[in-house]
Amino acid sequence: MDIDYRSSALLAVDVQNDFCPGGALAIADGDAVAPVVNRLVPLFPVRVATQDWHPAGHVSFASAHPGKAPYDAAEPGADGRAATLWPDHCVQDSQGAAFHPRLDERPFNFVVRKGFRQDLDSYSAFFENDGITPTGLDGLLRGLGVDTVVLAGLAFDYCVYFSAMDARRLGYKVFVVVDATRPVDAPPGNAAHTEARMLQAGVHLVQSSEFPV
Ligand code: VGL
Ligand code: ZN
């Protein structure tokens, strides 16, 4: 594995209570990613944690669409990304939106919040689901001389996936630490599908055991 750590950033995606067991959009074993992230963090000069950060009544919540249920398909957005409705989750300032207590947030030097616009969801840490509204993360990383992004967190087949694909599109070298992620796998098969798409796009899928920590 060929990583120049001096120009690399670790991106810990959405390691938040609502995506972990007991949370509103619980991912099986989601909190198990936290200790792996904690172990990798010291390798990287740039450490970014993201938070899904929705206003109440957010467009991605099934509860905002009469007659719809969580995990139903949504009207696709401009580029087809906003494809799923979710239980209410990661409401701004709620306990569910807080970082999971197993994640040590102290070593992170940046926090990027996304999905905070009422009518626009954001899976990717780089662009909201219209595919054009930037979160500012690309500018931040470029400004810091980062050319390599190492991704971990939740969910493998949503926020990690879209972040990895956007990072490739933006020209970064991209690694996903598979054992530091967990999938939602909604609809069933989505994890395998998104894994194949990442491999096609030149995303390196690696294991935490390959890192020198
Ligand atoms: C996510 C579904 C809805 C994620 C965020 O972080 O992967 N998934 N909002
Ligand atoms: Zn969300």
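Asp-4 is partly exposed at 34% relative accessibility (buried means under 20% relative accessible area, exposed over 50%, partly exposed in between, with a 1.4 Å probe and protein chains only). Its salt-bridge partner is Arg-6, with the closest N and O atoms 3.0 Å apart. Arg-6 is exposed, at 73% relative accessibility. A salt bridge here is a side-chain nitrogen of Lys or Arg within 4 Å of a carboxyl oxygen of Asp or Glu. The model is predicted: local features need pLDDT of at least 70, side-chain atom pairs count only at pLDDT 80 or more, and totals for chains, interfaces and linings use all residues. Residues are numbered from 1 along each chain as its sequence is written, chains are lettered from A and ligands numbered from 1 in the order in which they are written, and side-chain values use heavy atoms, without hydrogens and water.

The salt-bridge count comes to 10. Among them is the pair Arg-182 and Asp-29, whose closest N and O atoms are 3.1 Å apart. Arg-182 belongs to strand β5 and Asp-29 to the loop between β1 and α1, so this pair ties together parts 153 residues apart in sequence. Asp-29 is partly exposed, at 42%. Asp-104 and Arg-106 form another salt bridge, at 2.9 Å between the closest N and O atoms. Shared partners join Asp-14, Asp-52 and Lys-114 into one network of salt bridges.

Six strands form an open sheet in the order β3-β2-β1-β4-β5-β6, with parallel pairing. Helices (H or I, at least four residues) and strands (E, at least two) are DSSP runs, numbered from the N terminus. Two strands pair if DSSP finds at least two bridges between them. The edge strands are β3 (110-114) and β6 (204-206). Strands β4 (residues 148-154) and β5 (residues 173-182) pair over six bridges. Leu-151 stands opposite Val-176 in β5.

Helix α1 (residues 33-40) packs on the sheet and touches β1 (8-13), β4 and β5; contact means heavy atoms within 4.5 Å. The buried residues of α1 are Val-33, Ala-34, Val-36, Val-37 and Leu-40. They lie on the same side of α1, because they cover an arc of only 165 degrees around the axis, taken from the directions from the helix axis to the C-beta atoms. These buried residues pack against β1, β4 and β5.

The structure holds zero disulfides (pairs of cysteine sulfur atoms within 2.5 Å). The sulfur of Cys-90 is 8.7 Å from the closest cysteine sulfur, in Cys-159, too far for a bond. Cys-90 is buried at 0% relative accessibility, and Cys-159 is buried at 5%.

Terms used
Axes fitted to C-alpha atoms, helices over the stretch in contact; angles between N-to-C directions.
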